[in-house]
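Please take a moment to look over the sequence and the model before reading on.

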Amino acid sequence: MNTKKIMLMGVALTLAVSGMSVSAAEKQVVKVGLATPLSGQVPRMGEIIQETAEMTVKMANEEAWAENYDLELVVVDDKITSEGAVDAINNLIYQENCDIIIGHLMSVQNLATDPICEDAQIPIICYGGGAVPTMQGLQYTMRSTVDDFATIHAMCDYLVGELGYQRIAIFYVNTDAGTVGLEEGTKYMQEKYGIDWVSQQAFNNGDPDFQGQVLAAREADPDVCLIWGGGQDDAAIIMSQVKQLMGEDMPFHGGMAVGQTSMVSAAGAEKLDGVCFPTGWIFDETREMDVKFSEAFQAIDSQGETPTELGARIYDAVLCITNGLNTLGEYDVTADDFSVKLNEAILASEFEGLQGQFKFDDMHNGLNTSYVAEYQYNAEDGSLAIVRVY
């Protein structure tokens, strides 16, 4: 039995001796671990994730989102590597004694850590878009955002069904973050539209130059280019080289990574005008939850930026936990099966989140609908808006 549970049992015993019931005491505390990249290639994304988690947990406690519980957040750096993720998860489970974990940004990290959580019977809510983690058939892995299946379907429907493109060249990162979207997109376009990619170009995350892939794609005479997976620097370089070698008029769009804040600094606001990407959340000024979330984030963000879909994933992950706790009802957090019961309760929960209506399917995905957004640059004031187009 872990230290936390021994301490809580001592509190319960003291209350019983004094004549007070446990239910009349302060709320029980559920320990939530967060594994996020605070170092490595994308520390700004990790900072946004941490800021959002801290903000949301504070809101949850102050506003009593969970009737019988408060949340305590423990944050560790997973270094956006598999090795770092394994160290982080072992720390959260066996040193910090967390009841549930939110992690990671990259699906390859979840492939390394989800089995650890499975063995320990500790739920993990993955917030990356890669589809693979919830394809493993694990009981303690779930997702708080849309996956690659939903996002590649949305982009295919928009590019082909709405805009009428027939010749799409795809650049995909040579990991699950790229290959799953490539394969699912291939199947989806063949079945629904009777077409295939005219060019498929693999790249490695962090490569400094992609001219070989761009020139090969140019030979296929595409009418639009799409990048899937990889980082914002990869996308910025590929987009620049596509424009240089195929012409400034060549349309260029991307996956969910293109919609993150760091894409603006990587590519430049003006260059992103007209670029589209799939997303689980787009700010709606008429929606109270969106306004509250956006104002709260801007107030605490180190750079005062408006939130992106990445923050919405973390906000909704906390909502998964609090709604699961309410579904569970009052239950002893010191019980050996508390995390098991919490896992079952979350998967049985239905609620409205920032990204839409959550209802977990057999693969433990809470959402199955993706939108498509477009960057729109205003030359007069230099502002860059994100607008839903599909």
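**Aromatic residues, cores and helices**

Trp281 is buried, at a relative accessible area of 6%, where buried stands for under 20% relative accessible area, exposed for over 50% and partly exposed for what lies in between, with a 1.4 Å probe and protein chains only. The model is a predicted one, in which local features need pLDDT of at least 70 and side-chain atom pairs count only at pLDDT 80 or more, while totals for chains, interfaces and linings use all residues. Residues are numbered from 1 along each chain as its sequence is written, and side-chain values use heavy atoms, with hydrogens and water left out.

Trp281 belongs to one aromatic cluster together with Trp65, Phe283, Phe293 and Tyr315. Rings of Phe, Tyr and Trp (for Trp the six-membered ring) pair if their centres lie within 6.5 Å, and planes under 30 degrees apart count as stacked, over 60 as edge-to-face and the rest as tilted. By this rule there are 11 aromatic pairs. One of them is the edge-to-face pair of Phe203 and Phe210, at 5.5 Å centre to centre and with 85° between the planes; Phe203 is buried at 2% relative accessibility, and Phe210 is buried at 0%. Trp281 and Phe283 also form an edge-to-face pair, with 6.4 Å centre to centre and 75° between the planes, and here Phe283 is partly exposed, with a relative accessible area of 40%.

The next topic is the nonpolar cores. A nonpolar core is a set of buried Ala, Val, Leu, Ile, Met, Phe, Trp, Tyr and Cys residues joined through side-chain atoms within 4.5 Å. The largest has 51 residues, and those with the most contacts inside it are Leu71, Ile102 and Leu325. Among the elements that each supply at least two residues of this core are β1 (28-36), α2 (43-62) and β2 (69-77), helices being DSSP runs of H or I with at least four residues and strands runs of E with at least two, numbered from the N terminus. The largest share of this core, 11 residues, comes from α11. Leu71 touches, among others, Val30, Val57, Ile321 and Leu325, not counting residues up to four places away in sequence, and contact means heavy atoms within 4.5 Å. A second, separate core of 27 residues includes Phe171, Met263, Ala267 and Leu272.

How do the helices α11 and α12 pack, and at what angle? Helix α11 (residues 309-328) and helix α12 (residues 338-348) pack at about 105°, with their axes 8 Å apart; axes are lines fitted to C-alpha atoms, for helices over the stretch in contact, and angles run from 0 to 180 degrees between N-to-C directions. That makes α11 roughly perpendicular to α12, since angles of 65 to 115 degrees count as roughly perpendicular, under 35 as roughly parallel, over 145 as roughly antiparallel and the rest as oblique. Residues of α11 including Cys320, Ile321 and Leu325 meet residues of α12 including Phe338, Leu342 and Ile346.

Two single residues remain. Gln303 is found in the loop between α10 (288-300) and α11 and is partly exposed, with a relative accessible area of 49%. Leaving out residues up to four places away in sequence, Gln303 touches Arg44 and Glu47. Asn110, by contrast, lies in helix α4 (residues 107-120) and is buried, with a relative accessible area of 1%.
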